[in-house]
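Reader: I am new to this structure. Could you take me through it in short steps?

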Amino acid sequence: MKKKLFIVGGGFAGIKLCAELNKEFDITLIDEAKYHIDQIQIHRYLSSKVELEDFTFSFIKFAKLKNIKFINEKICKFDFEKKQVFSKDKTYSYDYLVISNGAKTFFPSQIKNIEKHNLDIKVLEKIIEFKKSFYKLLDSSEKKKETEQKNIVIAGGGLSGVEIAVELSEVIKQRKVKNVQVYIIEQVKEILPNMNIFLQNRTNKALDNFKVKRIHGSFITSLEKNNMILSDKQKIPFDLCLFVLGVSTEFIENKQNIKANVKNQYIVNDYLQVDGFDDVFCLGDAAQTKDANNHYSPTCAQIALKQAKYLAQNLRNAINGKKFIKQKISLQGILIDLGGKNTIGLLLGMKISYLFAYYLKRFTSYLHKKDFH
Ligand SMILES: Cc1cc2nc3c(=O)[nH]c(=O)nc-3n(C[C@H](O)[C@H](O)[C@H](O)COP(=O)(O)OP(=O)(O)OC[C@H]3O[C@@H](n4cnc5c(N)ncnc54)[C@H](O)[C@@H]3O)c2cc1C
C-alpha cells in the first residue's frame, strides 16, 4: 500500500512535488482554483506575448497525466493530531501533509476604499479582466482619437509592478497611443526597493525609455472616485489601477492552535516541517524559511521549486526507512524582463543581461511547462 500524500495548493511547489512523487505515493492534490498559473509569465500575457494556454494549466488534465487525484476545493482547517484536512463540507485524511497554498496579493486595509479596487493579479479571472480593460482603454483611445489623458496607475514598484508597467507601456508605444500614461507609485525613494543598484539603474533606464512616470516618497492613503490620494495630498487620477504592493498568505488554521508569523506563513524547521509534527510540511510562499546565510527566504518561484525537490527527496527517504537530509536553500539569482528581449539579472552574484538573461528566464517557464506534458 502506498502512503497517502495530501498536497494543499497546486502552485509551483505543489506541482513539482506531484511530478516528483506521483509514482511512489498515493497523491491527492487539492486546489481552490481549476487552473495552475505560471505567475512568472503574467506580465507577458498582459502584453499578448504569450497566450492563456502557455501559462495556465488545467489541474484535471495534470491529475490524469500523473495518475493522481485532484479535488477542486478550498481547504479551511487542519487537525495535525488526527491527520485530517477540512474543506467547508468534507474531511480528508493523510499519512503526510504538504501545505503549499502560496500567497495572495496584499491589499492594505489602511488604504480607504481599497476593497473597491482589489483586483488580485494572481487570480486567473482577474488577470483576464485586467487585460480586457487595458485593451479596451487603448481601443477607445485609438477609435475616438481622444486627446484627454488616460492613466494606468500601478501601486508598487517591486519586481511585478515594474515588469507589468514595462509590458503595458511597450504595447502603448507599439500602438502609438499618445494619450495613455502608465504610472508607478512606490513609497520608498527608489524602484525595486532593497535590490541591487545595477538592477535599479537598468530598470530606471528601461522605465524612462518607455516613459513610465514614477512617484516616490509618499504612500497611498485612500481611493476616491478614480483618484489615488497620496500621503502628501497629491491626487492621481486613474482609469485603470493595479495593486502589487506585496503578498500575504491566507492562513489555514489548525486545531492545535499553531500560530503563523506576521505574513501568515507557517514557521517551519530545517526539514520544512511544522514544528512538533514529523508528517506535516510547509513550503513555498506559504512557509517562513531561512537560507544558508540565515536570512529569510524571499517568496519566489525559484525557492518554491527548489524546496519541493528537496522535500521530495526527504519524503522518499521517509518511506524507504532512511534519515532526512538537511539542506538550506538559497536564491541563485533574479531575472527581470524590461521589454523586448531586454532582460537583466544577477546570477550567483554576476550581472547578466539581454539574450542570455532573456532565454534563461524563458527556460524556467519551459522547464515548468514540461511537468504538464
Ligand atoms: C506578476 C508576478 C510575477 C512574478 N515573477 C516571478 C519571477 O520572475 N521569478 C520568481 O521566482 N517568482 C516570481 N513570482 C513569484 C512566484 O510566482 C511565487 O513565489 C510562486 O508562485 C510561489 O509558489 P507556491 O507554490 O508557493 O504558491 P502559488 O504558486 O501561489 O500556488 C498556491 C496555490 O494554492 C492554491 N490555494 C491557495 N489557498 C488555498 C486553499 N485554502 N485551499 C486550496 N488551494 C489553495 C492557489 O489556488 C494556488 O494554485 C511572481 C509572482 C507574480 C504575481
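Reader: How many helices and strands does the chain have?

Author: First, a caution: this is a predicted model, in which local features need pLDDT of at least 70, side-chain atom pairs count only at pLDDT 80 or more, and totals for chains, interfaces and linings use all residues. Residues are numbered from 1 along each chain as its sequence is written. Helices (H or I, at least four residues) and strands (E, at least two) are DSSP runs, numbered from the N terminus. Counted that way, the chain has nine helices and 25 strands.

Reader: What radius of gyration does the chain have, and what does the globule rule give?

Author: The radius is taken over C-alpha atoms, and the rule is 2.2 Å times the number of residues to the power 0.38. For 373 residues the rule gives 21 Å, and the chain is close to that, so it is as compact as a globular protein of that length. The C-alpha atoms fill a box of roughly 70 × 45 × 40 Å along the principal axes. The rule gives 21 Å, and the radius of gyration of the chain is 22 Å.

Reader: What share of the residues is buried?

Author: A residue is buried if 20 or more other C-beta atoms lie within 10 Å of its own, exposed if 12 or fewer, and partly exposed in between; C-beta atoms are placed from the backbone. Of the 373 residues, the buried share is 37%.

Reader: In what order do the four strands of the open sheet with β13 lie?

Author: Two strands pair if DSSP finds at least two bridges between them. Here the pairing is parallel, and the edge strands, β13 (213–216) and β17 (240–243), each pair on one side only. The order is β13-β12-β11-β17.

Reader: Which residue in β13 stands opposite Ile185?

Author: Strand β12 covers residues 180–186. Four bridges join β12 to β13, and the two run parallel. Opposite Ile185 stands Ile215.

Reader: Which strands does helix α5 touch?

Author: Contact means that the C-beta atoms of two residues, placed from the backbone, lie within 7 Å. Helix α5 (residues 124–144) packs on the sheet. The strands touched by α5 are β11 (150–155), β12 and β17.

Reader: Which residues are buried on the two faces of strand β9?

Author: In a regular strand the side chains alternate between the two faces of the sheet. Strand β9 (residues 96–99) is covered on both faces.

Reader: Which residue in β21 is the bridge partner of Leu97?

Author: β9 pairs in the parallel sense with β1 (residues 4–8) over four bridges, where Ile7 stands opposite Val98. β9 also pairs in the parallel sense with β21 (residues 280–282), over three bridges. In β21, the partner of Leu97 is Val280.

Reader: Against which elements do the buried residues of α8 pack?

Author: Helix α8 spans residues 301–319. Its buried residues include Ile303, Leu311 and Leu315. They pack against β1, α1 (12–21), β9 and β21.

Reader: Is Thr56 buried or exposed?

Author: Thr56 lies in strand β4 (residues 56–58). Beyond residues up to four places away in sequence, Thr56 touches Tyr35, His36, Ile37 and Leu124. With 21 other C-beta atoms within 10 Å, Thr56 is buried.

Technical notes:
Axes fitted to C-alpha atoms, helices over the stretch in contact; angles between N-to-C directions. Expected span 1.5 Å × (residues − 1).
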